[in-house]
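User: I'd like to go through this structure and ask what stands behind each label. Please set the values against the cut-offs.

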Amino acid sequence: MSTSYDNLSVYVALQGGKLLVYHPPDGPYPAVILGPGVKLQVNEREYLEIDQPIPISIHDHVVVTTLTEESEGSWSLEVTPDNMVAILKLKPSRRIRYVLKDSPPAPILRLEGIPIEEILLPVTLSELTNKLKQLGVVHGIDWETIERLFVNPQEKEVIIARGTPPEPGQDAKIELLFSLEEKIKIESSTEEKVDLHQRFVYTSAVPGQILARKHPAQPGKPGRDLKGNIILPPKPQDVALKAGEGTTLTKEGLEVVATKPGRPVAIDIPRGMEIKIINVLHHDKDVDKSSGHIIFAGDIIVKGNVLEGMRVEAGESAVIEGTVSGASIKALDSVMIKGNVHASTIIAGEKFALLRNGLSLLKSLSSQIEELLLALNQLKEKYTGRIIGPLVKLLLERKYPGIPSSIQVLKEYVKKLPFEYPPLTRFLNNMEYKLVRMPLGIVSIEDIEELYNEAMELLGHIQVQDKIENGNVTVGYVLNSKIIASGSVTVSRIGCDNSYIEAGKKVMIHGAFRGGEIKAGEDVYVRELGTRGGAKSAVTVQEKGVVTIEHAYENSSVKIGVRIYLFTKEERKIRLRLNAEGEIDVIPWR
């Protein structure tokens, strides 16, 4: 025995995994206590992690060993339904083995194992490769990511293969070669002589001037899914370039050229754009009692302010360069107010809202015409070579009496519109003549097919118009006012106080919205919602709408569909939307 133990008459020590025991022949005996990860066998009796001392004598057969703990891992490989992504889900296996550490002599010795953890991947490279082959994955495998997983196993879901999406082509586009602004202010300079009488350059065109140019569509590049199948890119969209009043098409329909002087404008049409020359009403002073109300069928531009009690009503768009105070602005298209709005009402896009409301009537009529056409096709063999007018009249009287009444209802609706919509008027007049007044004059089924095709074309035209950005309101600051637009509403500067905003599409508040309510058919963005004092501020959108807020105060609320989210504390940079379960998700954003 080492002399370092001489001061102990009874002891046990651990060296190199073995116990060293010493005691007088007649005792007392030393003892050991087992800690985690250690197993002790004394005379073939096993002990595991026991807090009570175990006596050990020099005559005992003692074996000290350590334990190994293991937890089984798991893995799975899934391919998304579109065969574009392969996702590996990993839960690594874990092994904890204990290593004995030497302990100095003591009458009662605690034996403890040092835990060493090993993390092992539950799948081999061969097994993973075979699974990829089994799933048919041959393209887009990310071997670098797979290699990193084997080097550093972690519990995670990781994409190990991606298909190559097709590269979309370039849609045809129209390049405007004139400014959409009515006039551009000339900036003066002290270094040059300036004609003081020329303060603005007005957007205008002269005969022969090119106003717009069409760039044809360019095809895209195909991609491949994980199985190597070719994915064709979507066909690039074409656009129509139409020459309206005062213009003509040249260069095989790729350019619009002015044929008379005036102000060029661009108008969205189904799948394209129309360029024409129009006249605009300019009012260079304030709208007040001396001027009276301004009501005009086209565009209105007011250079000054619109004062208390006055009305501005435009058949197209209205632009107010000053302030609107205690007044009413109404435009069948869009409204732009460069100044502020106080205690006023702004209404934009009534034309598009009314057309949208008439869609159901037109859809119903179109459906009835389709049923009539199907019935005629079923009976056409009996009327081969004969005029089908009598059959049409009989069907309208006995089987489809709702068609004439639907035509009349739609005509009454159109009469009440505060604007002209010639395509719809022509269609209804044609329908009334053929199916109400002169059904006996219909010669063939092709006459009914023409009516049905005309109905579907008109229906598509109105639906496309509803998707175009029309009926918008743009204003700098709003106080104690009401804004209603069939399109989008944008408040570009300070924001809104105690106001009501309703939009058929989006609402963008680049400042603060303090007190009041926002209702939108689509998305809403608000830089600051509510106040520290808790002024009640509410936002409501449809189920598919997304609400983005940079800073929301307590007592503000967001309603998406029928779900409501109430802010009980200040929150910053969040986006709210409905998840798949129909609940509101609050998502941080930067």
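User: What is the average pLDDT of the protein chain, and what share of the residues score at least 70?

Analyst: The model is predicted. The protein chain averages a pLDDT of 85. A score of at least 70 is reached by 89% of the residues.

User: Where does pLDDT stay under 50?

Analyst: Over residues 190–202. The model has 17 contacts beyond four places in sequence for that stretch. Where pLDDT is low, predicted coordinates should not be read in detail.

User: Why is Val123 called buried?

Analyst: Buried means under 20% relative accessible area. Val123 has 4%, so the label buried applies. Val123 sits in the loop between β14 (113–120) and α1 (125–134).

User: Which residues does Val123 touch, leaving out those up to four places away in sequence?

Analyst: Trp75, Leu90, Leu128 and Phe150. Phe150 is 27 residues from Val123 along the chain, and their C-alpha atoms are separated by 9.1 Å. A contact is judged on heavy atoms within 4.5 Å.

User: What makes β16 and β23 edge strands?

Analyst: Four strands form an open, antiparallel sheet in the order β16-β19-β24-β23. β16 (173–176) and β23 (247–250) each have a single partner strand, so one side of each is left without a neighbour in the sheet. Neighbouring strands of this sheet are turned by 20° against each other on average, direction ignored.

User: How do you know that β19 and β24 pair?

Analyst: Pairing needs at least two bridges. Strand β19 (residues 210–215) and strand β24 (residues 255–258) are joined by three bridges, so they count as paired. They run antiparallel. In β24, Val257 is the bridge partner of Ile210.

User: What makes β4 and β5 a hairpin?

Analyst: Four bridges join strand β4 (residues 38–42) to strand β5 (residues 45–48), and the two run antiparallel. Two residues lie between them. Gln41 stands opposite Glu46 in β5. In the turn, Asn43 has a positive phi of about 50°.

User: What is phi of Glu44, and is Glu44 buried or exposed?

Analyst: Phi of Glu44 is near 70°, a positive value in a residue other than glycine. Glu44 is found in the loop between β4 and β5. Exposed means over 50% relative accessible area. Glu44 has 71%, so Glu44 is exposed.

User: What is omega for the peptide bond from Gly27 to Pro28?

Analyst: Near 0°; this bond is cis. Most peptide bonds are trans. Pro28 is found in the loop between β2 (18–22) and β3 (31–34).

User: Why are the buried residues of α6 said to line one face of the helix?

Analyst: The buried residues are Ile403, Ser406, Ile407, Leu410, Lys411 and Val414. Seen down the axis of α6, they fall within an arc of 135°, so they line one face. An α-helix has 3.6 residues a turn, so residues three or four places apart point the same way. Helix α6 (residues 402–415) has 14 residues and reaches 20 Å from first C-alpha to last, close to the 20 Å expected at 1.5 Å a residue.

User: How far does α4 reach from its first C-alpha to its last?

Analyst: It reaches 31 Å, close to the 30 Å expected at 1.5 Å a residue. Helix α4 (residues 359–379) has 21 residues. Its buried residues include Leu359, Leu362, Ser366, Gln368 and Ile369.

Methods: Residues are numbered from 1 along each chain as its sequence is written. This is a predicted model: local features need pLDDT of at least 70, side-chain atom pairs count only at pLDDT 80 or more; totals for chains, interfaces and linings use all residues. Side-chain values use heavy atoms; hydrogens and water are left out. pLDDT is the predictor's confidence in each residue, from 0 to 100. Buried means under 20% relative accessible area, exposed over 50%, partly exposed in between (1.4 Å probe, protein chains only). Axes are lines fitted to C-alpha atoms, for helices over the stretch in contact, and angles run from 0 to 180 degrees between N-to-C directions. The expected span of a helix is 1.5 Å times one less than its number of residues. The arc is that of the directions from the helix axis to the C-beta atoms.
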